[in-house]
Amino acid sequence: MHESPWNERRTQVSEREQELILRAQGGDRVAFEGLVQTHYASIFATAFHLLSNHEDAEDLAQDCFVRAQRGLSYFRGEASFTAWLRRIVVHLAHDRFRARGRRPAASDLDIESLAGKRPGPPEKTGARELKLLMMRAVELLPDHLRIAFVLRTQEGLSYAEVSAASGVTEATARTQVMKARKALHAALLPHLERRDA
Amino acid sequence: MKSCRLTKQDILRAVDGELPVGEVLSMDAHLEDCASCRSYRDEQLSLNELLELLPEPALDRLDAKAAMASIQDSIDEHVGRGQQALSAQTERAAWDRALRSSVSKRWAMGLALLAASLLFAFGAWTWIQPEPLKSLPVAELRPLLLTPNEAPVEIALGQPSGEQTPAGMLEVPAEPQPITPAEVQVALRQALLQTFSNPHHATFGEHTLEFFDERMGSRYASWPLATMSESLLRDSDAQLAGAAARYLGLRGGRLSLASLKAGLQRPEVAPACVQALADLGPLGLDALGYALGDASLRGPALARLEQVPDANSAELIGAALLRGPRDPLVIALFLNALTLIGSNSIPTLLTLAQAESVPRMQVIGAMAALDDVGRVLARQVSVQDVAYPDELIFELVDFFGSAEMLPWLERKLDSYEQRQRALQSLAGISGVGPLVVLADLAQKGSLSEPELLQAFGALARANAGRMQQHAENMLAAGDALAASQYLSLLISCDEPGAANALALLAVSDLLTGEERQWAALAVGELGLPEAASILAAAFAAGELSERRLMAACLISVFRSLGEEGVHEALGSYPLGAVNAVFDALVDATTDPKPQEGAVQLFRIARVLNLATNGRNSNLGQSSL
């Protein structure tokens, strides 16, 4: 799983950050800029993992901070500022997914149009094609499964953090990740390597 | 032990890093004995590896300053709109108070009318302005970020992104325009048409791709062009679809197979798809085999398979033939394709020869057009894990008579049940090999005398030349015993094909005098001129010295060649001697009583002796 490079920031709000938040809540633009500079890369990374596109991710990340600025007065500091931002970006990503149209159910996940009919070991399918296959497979997951799966595997969040970001219980988050894995497994089975002879 | 269902759940938790250590042990215990769950585990681990392929954000490409500026612009714009909305609300409140403070009804009516007019005007004015921001009650908002510890975030509606920077505000530096899929599509279409509409480029393989890459340019190099080309296979422009197919044939892979197979369903694109499938090499062969089942695609698919003359192509053609209609023309078409593939198709032809739906003789006829059938056939029947019906192989041995099949026949000769059939086929094998095999069998006592004679006679009937060749080989080897045994068989089989061999043995000095006499007499019994000529030539050359042998030879020469033959043999003798010998020969051959055969031989020999002495005397006088 991918470990987020921002693990060290996922703690309770530090003193310095608390000061910046307070000043930003008071309208201090420089303080808010400081918050953006501190968290922009992290939020951008989350957005990228959700959308798989650099330009869309920048768009989403900026949107997230615009929203955060408007709602800054509601932030109480009981959860980390990063978790709060992540919650916003996940919500906005959800809106974008829905704006694109209905997503297939997990059982409908079908990438056979990309995958060949005949199974074969991964080394016989080019790495580039495998990458595209994997990206497409994740993209085709139902929204809620995709979000939970991405947060868990690519962001490296704990289930508590996934739960906080996506607004579901931890148990639901675990179930969503498991369902996502099952769906991906079924869709990519021809390309999964078996080690036993 | 845990069930597979529970174990698979454990596996999912384990690859997720969530399985407690204690439960890992029980999972491992199940995996030790369950191949299915082990496969599932491996697949999940492989899935993890595939996850590593997912792209990571390019953080070095982030422009934090530009992002900050853009964020601030959006915030400022939102603030500006909010102030406008507040101003509008304030104005409406003021007018409302003014209306309520009027003194008289008349003033009130007039003011009311004025207020109504102003309100209408104000409404029109606000209608043409951008809609101010609204904040809806929390309950009416879409699902929000609600947790016990956090207040809901206000979601502002009607706030499109990417609006133009209002005049006077800080301008965000323009970002480079991103490449859109539509742009790549346009470039791809053009490059495909330019490349594959040109007949030269369509046939030059690697150079074709270089030309295509040049047309596409490096700007779109990272885009999945093969995947995008697959969608073009469904384009209404048949020329474009065909070009996309050709591209996929050169640069596609396993992932393109399904699309190319689907393209076979479009008549106007099918030929290009067939070409592309062939260009994919082994990957596309199966799909080409599939195309063989379609009457409209059969010709192009066969043509492409014929250009890949290996066993795989042959197998596909064979499989299609077995699946296909029992139409003689179609059968002939497929068999012809197999002959063009060459000897690599022999295993397939052997399979077809066993099928009821395909006339066996047609298949054998196709094999007959191939080179090196015997060698390939021999190799094929020696493969341990491929079993062919013996009757089929016997039939092929009879048809082709390849010497390479002799080892297989020898194995069958060892079998009591199949010996008779094998002996029948032995005669059809070319060369002297069968004679060697027979001799070997005779020596081992594997054959009864009648069997041996029957087989030997069959060999002589089938091929006289090999009998003579075998005699020559034997004489060259100086194997007197084998030659003696061979002689016995040659005489006993009473076949014309043995005559030349007998003649050779008669005039050689490897055998005993008596054996040579019998050989010479046997030549006369068979009556073949060519064999008798051998005797006459040897006689005339003075290669014969023993009188009885000479007599025997003359008898056979006279029987087979008549007077002319005798004169040829006795060319160096005086005419009187020749006439005397001739008269003796006439007597001998007109009274062929077995009990007097030796007497006649003696008389001819005595006359010959006198004639020879007389000749020698004349020669001695003439030398004086």
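1. The model is predicted. Phe44(A) has a relative accessibility of 0% and therefore counts as buried, the cut-off being under 20%. Phe48(A) counts as buried as well, with a relative accessibility of 7%.

2. A search of the whole structure gives 10 aromatic pairs over all chains. In one of them, the ring centres of Phe44(A) and Phe48(A) are 6.3 Å apart and the planes meet at 40°, so this pair is described as tilted.

3. In chain B, Phe196(B) and Tyr247(B) form an edge-to-face aromatic pair, with 6.5 Å from centre to centre and 70° between the planes. Phe196(B) lies in helix H6 (residues 181-196) and Tyr247(B) in helix H9 (residues 238-251), so the pair ties together parts of chain B that are 51 residues apart in sequence.

4. Are the members of this second pair buried or exposed? Phe196(B) is buried, at 10% relative accessibility, and Tyr247(B) is buried with a relative accessible area of 2%. Together with Phe212(B), Phe196(B) and Tyr247(B) form one aromatic cluster.

5. A charged residue also deserves mention. Lys8(B) lies over the face of the Tyr40(B) ring, at 5.2 Å from the ring centre.

Technical notes:
Residues numbered from 1 in each chain as written. Chains lettered and ligands numbered in written order. Predicted model: local features only at pLDDT ≥ 70, side-chain atom pairs only at ≥ 80, totals over all residues. Heavy atoms only, no water. Phe/Tyr/Trp six-rings, centres within 6.5 Å; stacked < 30°, edge-to-face > 60°. Buried < 20%, exposed > 50% of the residue type's maximum accessible area, 1.4 Å probe, protein only. Helix = DSSP H or I, 4+ residues; strand = E, 2+ residues; numbered from the N terminus. Lys NZ or Arg CZ within 6 Å of the ring centre and 35° of its normal.
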